[in-house]
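Hello,

Here is the structure I promised to pass on. Have a look at it first, and my notes follow below.

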Amino acid sequence: MKTKRLQFLFHLLFTACMYAAGIVPAAAQSLEVMPVNTFFSGSEAQNFFKRTDGSYFFFATDGTNGLQLWKTDGTPAGTAQLQAPAPYSAGMPGISLPTPTYNGEKTWLLFNNELYFVIDGKYLFCSNGNTLQLLTTSGTQISGLTASGNAVYFKVVEEGGAMPATVGLWKTDGTVAGTLRLKAFDGGNAVSRASFQVKDITNVNGTVFFVAASAGDGIGYALYKSDGTTAGTVLVKDINTVDTNLTLSDQHAAGRYLYFKANSSGTQSAGKEWWISNGTPAGTYQVTHFGNFNSSAIGGSPIAHGDTLYVATPYGSATYSRQIWKLTPDPANPDSIYYEAQVNTVSLLHLLDGKLFFTDSDIAYATKRFYAGGSSRKDTVLLQLGAVPHAPNVNTSTVLYPLNGYYYYYARMSSSVYNLWRTDGTAAGTTLVSNATKAPSLFIKAGDAFYFRAVDAAVSGTTAFNIWKSDGTTAGTKKVAGRTFPNQVAASGTDGTYFYFTSTDSVWATNGDTVINMPLGSAATMAGLRPSGIYPAANKLVVTAKLATGTSNANLDLFVGDFALSNQPQPQTISFSDLTKTYGDADAAVGATVTSGLDITYSIADPAIATITNGTLHILKSGTTTITASQPGNGTTWLPAADVTATLTVNKAALTITADDKTKEEGDPNPAFTFTGTGFVNGETETVLTAQPAVTTTATQASPAGTYAITASGAAAENYTITYVDGTFTINPPVQQPQTITFAGLTKTYGDADFAPGATATSGLQVAYTSDNPAVASIVGNNIHIVGAGTANITASQPGNSFWLPATNVTVALTVNKAALTITAENKTRFQDEPNPSLTLAYTGFVNGETSASLTTQPAVTTTATLSSAPGFYPVTVSGAAANNYAITYAEGILTVKALPVTENRVDAVFNGNTLQARVYSSKAQRAVLQLADVTGRVLLSLDVSLTNGVNTYQLPVFNVSAGAYIVLVRGQGLKLSDKIIR
């Protein structure tokens, strides 16, 4: 009694401490021991294999039947032993779990929710969760379990007397009858060699490839394939026939192809090259040519993308992985260097959303780079310099964790510093999230965040862990409840909402806001237990734990309890968007949703606009109001939700009022005008209009025959938006009326713009026109277009209609005068004694974009000036042009002959009959006197002259001068010239 009282007091004290620390105990109090071993003496629970329905296979003992295969869905009723047949019906002694591999090849496989596993290396079992079957005991070693199609393939080293004789490729469909050997290979003379005669079984798109060798066939290791039949298990290609010891390795499936490495140069010491195979000899060929060195070093596992394989491999040296190669099945371009190391080595990480993530660094991590690339080498971008992503979780190679459009990772900044970063595959999108933690591990995504354990970097010297939650932002990366946990935080899991982790003798759960303690067993038994594994099942949380006094699996027990989510009222959120409706819409659900799925209640601010009954909205009139959605929770599993308000907008219905068409005879009184309304809803009619429309027309009783518009306007309605459509009022004439055309003659000039002829009909109807001379005028639309000068007859016509008789055609003459064109000889200038320049013309008056090319005869241009013409002005005349559409006039130009400039003053004279010809060369313009004197100096003739700069020519009559010697004198200011001449 005293012991129970102390246990109770301890439980109360423990609970009080948890509340004081902000820790909420689970409503289920504790996780209770499962019925695997109810005596709490160690069930050896281990090796959990999760199925798609949330249940698990695992191995455990009940204390009676030894180690056996079990299954559980987390409930006692759903937990059952699948006892093995002989020779293991009494348990599986000597082993603590199925050996996961033999010589690196798998000895267990979960396939199609069935568990295949090997015991003692030679017994192959299969369980579908209901039964456990022994499939084969035919060999001494069974391994290499590989799923392909609907079967599992494996190899068996078969008995052969003192030494193994053969190694067989087998397959099974999970039944004894469906477990058979496909092909046997000679095992050779050594056990170690025999175990490798079949290896590297690889599934490629439903076809199994493998490497095999036989001492009897002489081809050494070669590539084989199987379609699951004996006949279809065949040699693909012998890679090298020179050396039977040459090996193949590193098989990788990529889409429809197998990539592998193989020696190909004839010597075992030669380096391996990458090959490709589609299962045919011709389709099996070498795709790289690295050279003669061992290329076994690989930076990260090769990554397949469709039919392409990315590999990080040395090139030119076997020391480190120096390049990323992109291997493809294209024979013309099978390989290419995707990236070459900037430092020492490259390492592949992931291929996510079409982006290849990889790192480049030296061995000491002194220089580090993080890259992302696209489909080709040119797409590679540097994401981060100075750090490389690091896998924070033990037993996993995962480096990048996706969340909300980003990939999150821990970058190793130094030997002990890890910062949380994120990237979207671009340099701009690669940013630091948090540097607040160190030694991160146990990353798990739950909901829209991920959880992990880490040491608080701000607390110096501590090794205790906190649980952290991050939504991917710096502000959203924080410790949960500020609680620290010792180093026993070693296992974690999630049910999709809560993060579960182990610490000391309890399992803990958190949603980022609340930490829930879920101790193992009762208060009396929980001390001394250490939880070691967390396995969320379909409806329960399954946990393994062992006694603190030892580490043997014999101390493991199995516990189960409710999820944290089922123990605490959960928050719920209402989603509610604004509503837009139209007056007359049918009743409909309001449409708010809540994460709990519970019923939502509504209140509406203005019930005159709409009402809500059982979540159904009923429209009463147009307008705007607000609706509030509420969910009070249920007190046990769901907390009250925050109210959400949305705006309800009820638009007016569309109503069209159309004026009805009417008809009357000319002279009759107008009829009553009416309208038709289209678009009324809810059975309403025009009686709901608050103002009736006015329907009118411009036609009166005296209006002539014709058509007139009937218009409606002025209507009003509370719940309708009104548009109007005109009607037609037709006034019919008693009989067709005669009409006449008035049309005057026309005179235009070539080049005038298109014009309306101007004819009118007494009916007011449009008049049509024709031209009898399209070379002078044509009709364009209803206008006249001038084509050329001349005369054309234009006929106006009006055919009438139902109200008017055809009019008598009227024809008038159209005279198109020629346009005025002036041809002007352009002025020119030349010097004395030079030939005439080219004479040119200028045109004024061309129309319609025409030029001189439109002239039927080109003009001639001449001048009277010749080469010997004296300085002066000479006329330039033009004549002879002709054109169909132009009246031509001419304008003369002037050719100016300039005197040649001189630099020396002198006079030359000569008698020419009865004329004295004198040339005065003057270097400047000035006034002077030209004289003729006899030898005695007596002046016989005198002439005042104005000299120009150049040659000045003068002619003087000398009828009365007798024969003899004379002197010609020129006198001016500073000018004295003379020339002796004889007559």
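In which sense do β4 and strand β5 pair, and over how many bridges? β4 and β5 (residues 67–72) are antiparallel, with 6 bridges; two strands count as paired if DSSP finds at least two bridges between them. Across this pairing, F58 stands opposite W70 in β5. The hairpin of β4 and β5 has 5 residues between the strands, and G63 there takes a positive phi near 90 degrees.

A word on the basis: this is a predicted model, where local features need pLDDT of at least 70, side-chain atom pairs count only at pLDDT 80 or more, and totals for chains, interfaces and linings use all residues. Residues are numbered from 1 along each chain as its sequence is written, and side-chain values use heavy atoms, with hydrogens and water left out.

Strands (E, at least two residues) are DSSP runs, numbered from the N terminus. On its other pairing, β4 joins strand β3 (residues 46–50) in the antiparallel sense over 3 bridges, and F49 has F57 of β4 as its bridge partner. In that hairpin, also with 5 residues between the strands, G54 has a positive phi near 90 degrees.

One more thing to look at: N47, in strand β3, has a positive phi near 50 degrees without being a glycine. N47 is partly exposed, at 22% relative accessible area.

Best wishes

Notes
Helix = DSSP H or I, 4+ residues; strand = E, 2+ residues; numbered from the N terminus. Buried < 20%, exposed > 50% of the residue type's maximum accessible area, 1.4 Å probe, protein only.
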